[in-house]
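Subject: Structure for you to look at

Dear colleague,

I am handing over the structure below, and I would be grateful if you could read the notes that follow alongside it.

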Amino acid sequence: MLTVIQTEASSEVGFGHVVRSVTLARGLQEVRQDVRIQVEDRMAQNYVCAHGVKLAGQRLAEVAEILVRDVRTLYPTTGGLHRWIDVVDVAADASGYAQVVLAMLWEQYDKVYGCGPIIRPEFLEQPRRKVPGRVVVSLGGTDPTGSTERVVMYLRTAGIDAVGIIGPGARPPASDQHVIRTEAIWRDLAEAQVAVVTGGMTLLECASIGVPCVALANNDMEDARLKWLINKGNPWFYYAGYTQRFHPGFLQSTVQGLLGCERVRGTLGKRGMEQVDGGGLAHAVAAITIAQGLRPMAQPVQLGLNV
């Protein structure tokens, strides 16, 4: 049974959707699923292929038994398809925080699974070796606002040992002295006592390994997400505003405060690991596997997997 995951990468949606889709595809491959990814961005296609996942075109997507729409607004629903799955960000359920909900919809049948964040296995497998005083700045794989170098400069001006990491899709920094281009960001984040990140997948991945964060928003969607998490209670991060209009003094003092207080760092790290336990990928793979054996029913049904 063929499963096609539709996703996209751009300055508007970032690169996290592609990373999440590849992680999900690799998880499905582990249980011997035939899975392909449809994405238009050329750099994203290279990323997909480099991680051992085959690409799919529109024609293959139209004949897939199950279609997973990670960026659902960019792809119309295929007319003749009986089953499709939407990956929806940020939803609350009774058991806690569920960053990913797989909403499975076909004909009159409806199932919703709260699966939790789909974390790259490398984060959970990476040994955690904290470097005293180390601050890692990661503002998106494509760094859409070009703010990583600027944030690193502000922190280093205050005497903070900050290093920036950007993905292969980001624009080259003016100076690469303290900004590293890498795909394996889990290695650097595993060494961080504090991370400065945006409100996307990296924030959740930091939570899964207990790294306390200072968060910045790249756009209004991330701003709303971060505020929602704060209002929900027990956040593992402090929010410092937008990447393009934050107050440098506030950012510096917040990071310095975290570096200077082991108790607060420990509390935030524990909160993160409690809310993002790393089981989202296994839940998502199980949900899709279950979907393959289901048949349309006359009445909608609501089921859930505990996060």
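D34 forms a salt bridge with R36, their closest N and O atoms being 3.3 Å apart, where a salt bridge is a side-chain nitrogen of Lys or Arg within 4 Å of a carboxyl oxygen of Asp or Glu. D34 counts as partly exposed, at 35% relative accessibility (buried means under 20% relative accessible area, exposed over 50%, and partly exposed in between, with a 1.4 Å probe and protein chains only).

Please keep in mind that this is a predicted model, in which local features need pLDDT of at least 70 and side-chain atom pairs count only at pLDDT 80 or more, while totals for chains, interfaces and linings use all residues. Residues are numbered from 1 along each chain as its sequence is written, and side-chain values use heavy atoms, with hydrogens and water left out.

By this rule the count comes to 8 salt bridges. One of them joins the side chains of R20 and D70 at 2.9 Å, N to O, and this pair links distant parts of the chain, 50 residues apart, with R20 in helix α1 (residues 16-30) and D70 in the loop between β4 (66-69) and β5 (84-93); helices (H or I, at least four residues) and strands (E, at least two) are DSSP runs, numbered from the N terminus. R20 is buried, with a relative accessible area of 3%, and D70 is buried as well, at 5%.

R134 forms a salt bridge with D161, with 3.3 Å between the closest N and O atoms, and a network of salt bridges links R134, R156, D161 and E191.

For the whole protein chain, the secondary structure comes to 11 helices and 13 strands, and 54% of the 307 residues count as buried.
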